[in-house]
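Open the structure in your viewer and keep the sequence beside it. The tour below says what to select at each stop and what is there.

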Amino acid sequence: MSGASNHWAAHCVIAAQQGSQPGATNTGAQQQHHGQQQYAASWQQYGAAWAAQQQQQRQQPYYYNYALQQQQHQQQMQQRIEQVKAAAAASQQPQQPQQRDYGEAVRRATAVAQQTRKSTGMPPSLKAFAERAFATCTTDEERQAMQSKLHGIISNALNGGRLHAMDWATAPIPTLDSATSTTEVAMPPAKKKPRTEAERRQLASRAQRFGPQLATKRGSNHHQAPLIQFEVLEPVKGTCTDLEKDYFRLTSAPDPSVVRPQAVLERSLQRLKDKWRASAVDYDWACNQLKAIRQDLTVQCVKNKFAVNVYETHARVALENADMNEYNQCQTQLKELYASLGDVGHPTEFIAYRILYYIYLQLTAAGGDKSAPEFLAILHEMPQEAWTNDAVSHALAVAEAVNTQNYAAFFHLHKDAPNMGVYILDMCADKIRIDAAYRIAKAHRPSLPLDALARQLGFDEVDDPFVAFVETIGFKLDDTRKLVLTKDSKIDPSALAQQQSSLL
């Protein structure tokens with residue numbers, strides 16, 4: 001029994017003895033004596049139970065319950081997701097919040113975004129130009145026709161980077177002549193050096209590829225402001241029935257006779273899928289056919305569920321073959337299609353891919369901190385249901401592991417990647433392994449078992465590719481080839497960068 005229980009028991013015994021002294025013969029004294037005895041007995045029982053409980057806790061061995069540990073891990077992951085959601089919501093306030101992992105990058109991105117908004121805003125002279133144009137209209141039909149012409153003029157000027165360069169104050173008002181579909185707009189004098197005769201002939205021959213309707217009209221004096229014609233192109237209605245067609249970059253207006261309608265494209269896509277599943281074609285041929293299908297959809301302005309299917313298919317095939325350029329093109333179009341069409345396709349799956357893609361950009365020299373604003377934009381735009389999606393939660397956990405430099409967590413998540421996210425993580429793994437190698441070489445001195453190094457670097461076994469990898473990045477092995485001499489090793493990833501493909 002502990003000291004506390006002994007103290008209470010002694011106190012109660014003394015109280016009981018005092019109540020049983022001679023002279024207490026009346027009934028009230030007997031009742032008081034009986035109550036004191038019960039009081040002392042109850043405290044003795046309480047003290048004995050408390051002491052037994054303490055003794056049992058001291059004798060119980062200390063161990064971790066795996067199920068409890070997993071539950072705590074899930075709770076921590078949920079708390080981290082809530083923190084990311086709170087940071088994303090707070091970043092919509094006028095003042096930019098400080099991000100734990102992206103602080104400096106976010107500040108730079110904010111400055112760039114503000115500069116971009118200033119540079120792409122509508123000039124006051126353009127607003128006055130539009131008002132002068134609408135002032136010449138007298139009917140609703142004329143205003144609608146004028147709106148279409150202005151839309152084409154402004155869109156071409158914006159896409160060509162001439163929105164702020166054009167002199168809108170002196171630009172002529174578009175005419176509503178039904179006999180012509182083009183509008184002439186005066187361009188300001190060029191600020192660059194005058195072109196030579198050879199350069200002008202080269203530009204003229206290059207402009208002829210796009211047809212006479214898009215050619216540039218130039219006067220005899222090249223210092224004068226050239227007149228450039230803009231044309232609002234109508235969607236093409238294809239009539240081609242070929243299931244297979246090579247992709248060629250358009251150099252002129254599309255010919256309907258070589259453009260396939262959607263019904264033919266659907267059969268073409270299914271035929272391509274069957275061949276790809278049967279491994280009857282290689283990636284180069286499949287990519288060529290998919291790009292041709294995408295081109296036929298674009299010139300016909302097809303933006304529906306079938307278009308989503310085409311872009312999702314091409315994105316998955318590109319990921320499987322580590323073609324990040326084609327994947328990024330498809331991902332960009334899918335983002336717009338999901339936003340305009342609503343609940344079609346697999347948006348949450350590709351949200352997870354987008355998160356992993358910007359992690360890939362962050363780990364490469366081409367990306368760096370430039371990917372941080374895009375990553376935050378994904379969090380801002382994510383719908384509520386995406387936060388509870390398994391693939392998205394996995395991608396966010398990968399982002400946390402990369403930014404906290406927790407390579408052990410990264411390799412664990414790499415093995416459990418859902419859908420096709422493992423293909424993106426494959427391209428990130430070598431960079432993570434090199435960062436981990438620096439830490440392992442410093443933490444484990446003077447040596448480390450080779451199999452232990454394999455586990456820490458995310459390899460399943462000690463095989464020839466693994467040994468070649470560790471020796472390439474600078475690890476030294478002993479004569480038995482079973483021990484890594486970390487003290488004598490010098491990590492240098494330059495040799496690995498020269499290899500053509502990953503060793504995964």
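**Stop 1: colour by confidence**

This is a predicted model, so begin by colouring the chain by pLDDT. The protein chain has an average pLDDT of 75, and 65% of the residues score at least 70. Select strand β3, residues 227-231, where confidence is lowest, with a mean of 39. Then select α10, where confidence is highest, at 95.

Next select residues 94-102, over which pLDDT stays under 50. The model gives this stretch 18 contacts beyond four places in sequence. Where pLDDT is low, the predicted coordinates should not be read in detail.

**Stop 2: helix α9**

Select residues 283-299, which make up helix α9. From first C-alpha to last, the 17 residues of α9 reach 24 Å, close to the 24 Å expected at 1.5 Å a residue. Is α9 mostly covered or mostly open? Mostly covered: 12 of its 17 residues are buried. Among the buried residues of α9 are Tyr283, Cys287, Leu290, Arg294, Asp296 and Val299. To see what covers them, show α8 (262-277), α10 and α11, which are included in the cover.

Move on to Cys301, which follows α9 and has a positive phi, near 55°. At 48% relative accessibility, Cys301 is partly exposed.

**Stop 3**

Select residues 347-363 for helix α12. This helix has 17 residues and spans 25 Å between its first and last C-alpha, close to the 24 Å expected at 1.5 Å a residue. Why is α12 described as largely enclosed by the rest of the structure? Because 14 of its 17 residues are buried.

Now show side chains and look for aromatic rings. The whole structure holds 7 aromatic pairs. One of them joins Phe350 and Tyr353, with 5.1 Å centre to centre and 85° between the planes, which makes the pair edge-to-face. Phe350 and Tyr353 are 3 residues apart in α12, so about one helical turn separates them. Phe350 is buried at 3% relative accessibility, and Tyr353 is buried as well, with a relative accessible area of 1%.

**Stop 4**

Select Phe459 and Phe469, whose rings form a tilted aromatic pair: 5.6 Å centre to centre, with 50° between the planes. Which parts of the chain does this pair tie together? Phe459 is in the loop between α17 (450-456) and α18 (464-472), while Phe469 is in helix α18, so the pair ties together parts that are 10 residues apart in sequence. Both Phe459 and Phe469 are buried.

**Stop 5: a cluster of tyrosines**

Select Tyr327, Tyr357, Tyr358 and Tyr360 together. These four tyrosines form one aromatic cluster.

**Stop 6: backbone exceptions**

Most residues other than glycine have a negative phi, and most peptide bonds are trans.

- Ala322 has a positive phi of about 55° although it is not a glycine. Find Ala322 in the loop between α10 (305-320) and α11 (324-341), where it is partly exposed at 44% relative accessibility.
- Asn419 is not a glycine either, and has a positive phi of about 55°. Look for Asn419 in the loop between α15 (407-415) and α16; it is partly exposed, with a relative accessible area of 48%.
- The peptide bond from Arg445 to Pro446 is cis, with omega near 5°. Pro446 lies in the loop between α16 (421-443) and β4 (448-449).

**Stop 7: cysteines**

Finish by selecting the cysteines. How many disulfides does the count give? It comes to 0 disulfides. Cys240 is buried, with a relative accessible area of 8%, whereas Cys301, from the second stop, is partly exposed.

Technical notes
Residues numbered from 1 in each chain as written. Predicted model: local features only at pLDDT ≥ 70, side-chain atom pairs only at ≥ 80, totals over all residues. Heavy atoms only, no water. Phe/Tyr/Trp six-rings, centres within 6.5 Å; stacked < 30°, edge-to-face > 60°. Helix = DSSP H or I, 4+ residues; strand = E, 2+ residues; numbered from the N terminus. Buried < 20%, exposed > 50% of the residue type's maximum accessible area, 1.4 Å probe, protein only. Expected span 1.5 Å × (residues − 1). pLDDT = per-residue confidence, 0-100. Contact = heavy atoms within 4.5 Å. Disulfide = S-S within 2.5 Å.
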